[in-house]
Amino acid sequence: MKSLSVLVVKVFCCLLISTAAFTQSGDVMTVHYINVGQAQSMVLEFPNGAVLIDAGAQPEMKENVHLFLDKFFDRRKDLNRTLNTVFVTHQHIDHDMALLDVAEHFTILNYVDNGHNNPKGSGVRQLLMQQYKGELGIKYEAITFDKVTKGKNKAGYTDQLIDAVDGKTGGTDPEIRVYSGAFAEGQVSDPKENNHSLIIKVIFGKASFLFMGDLETAGITKVLSWYEGAPQALKADVLQVGHHGSANATTEPWITAVQPKYAVINVGNWTFGLNPADSSSTKFTTYAYGHPNKKAIDLLEAHIPGLLEKPVKKHIGIKGQDPKDPTKTPVFRMATIKHNIFATDWNGTVSITADKNAHYTVVTER
Ligand SMILES: [Zn+2]
């Protein structure tokens, strides 16, 4: 009897979750943080359109973006398998692996990236998108920090490619703005690709979501100094935690500026890379990086006001592999997450719905 009642409760829970996840009625928007393992991809669902931010995936999950979008457009037939804009925050494979697959199977109206396209690196996908945009009828725009901040602008930058979604008649018109992009030479103290990530903010009435790619400390410092005196610029209720929960992307000044009420980490399971026989090399894995890092989790726990309905016990990294001494193994510990911090590792796909009055509902796959 006991096992039967548990089963009934589980089925009931699933029904509740699927009902909430597969309808979108009314004047709301939803961000779906897709479970793509140690990588990042998010679908922004609006009453009148859809946007994709990043199209990355862990190698064995590279179909997940396509599969998610197939299901999504089955439910939202009114959108005609069309993405109003696809953003790629920066040219790394964990953010663009499925980009060409998406371009092949869905209609993309606008494509926005940081302009980098190194064909020797992962940027070959950006290069192809930039080259074939004419054939595919896609409008393309490269975003630089100079473009975003031109004329001492501290209000973020937008145009018809970045903000290509209107509200329904009488409904809330989502506002999409970009706050950072590729730096010019010498503009940022550490020029690695992560620091050239786009920062994108979506404002839906009083609700707000911030996306920061893999921006690291040097990029964060530069961006914070630019927006000093403009406290609203980076403030957002829901934060896509930078760089998969790495310690170098969640700093005290950054969290103080954003003031998130919810945080979502796009990260793989800690065991990805633990077994040397894993499909990928052990070099670029959740295990090797020690993601998400305890320092980042501690800062988020200290600043995020809302509590989870039930605390969760999860593995978090104390330290990752030392690139100078890869024989030193990473260290993980169990930690209890008490606040509104979600992760694709332990939650699967996370969907956060907001109405214009900044009421949020979180639905997780598990
Ligand atoms: Zn990344």
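**From a helix to the metal site**

In helix 7, the residues A218, G219, I220, V223 and L224 are buried, where buried means under 20% relative accessible area, exposed over 50% and partly exposed in between, with a 1.4 Å probe and protein chains only. Helices (H or I, at least four residues) and strands (E, at least two) are DSSP runs, numbered from the N terminus. The model is predicted, so local features need pLDDT of at least 70 and side-chain atom pairs count only at pLDDT 80 or more, while totals for chains, interfaces and linings use all residues. Residues are numbered from 1 along each chain as its sequence is written, and side-chain values use heavy atoms, with hydrogens and water left out. The buried residues of helix 7 pack against strand 7 (175-180), strand 8 (199-204) and helix 8 (252-258), contact being defined as heavy atoms within 4.5 Å.

Strand 10 (residues 238-240) pairs with strand 11 in the parallel sense over three bridges, and two strands count as paired if DSSP finds at least two bridges between them. V238 stands opposite Y262 in strand 11. Three bridges also join strand 11 to strand 14 (residues 341-343), again in parallel, and there I265 has A343 as its bridge partner. In a regular strand the side chains alternate between the two faces of the sheet. Strand 11 (residues 262-265) is covered on both faces, with Y262 and V264 buried on one side and A263 and I265 buried on the other.

The zinc ion is coordinated by D94 (OD), H95 (NE2), D214 (OD) and H244 (NE2) at 2.0 to 2.1 Å; donors are N, O and S atoms within 2.8 Å of the metal (3.2 Å for Na, K and Ca), and because water is not among the atoms, sites may look incomplete. H95 lies in helix 3 (residues 93-96) and D214 in the loop between strand 9 (207-211) and helix 7 (217-226), so this pair ties together parts that are 119 residues apart in sequence. Both H95 and D214 are buried.

H291, in the loop between helix 9 (286-289) and helix 10 (294-303), is buried with a relative accessible area of 3%. Among the residues that H291 touches are H243, H244 and F332.

Key. Lists of a residue's contacts leave out its neighbours within four places in sequence.
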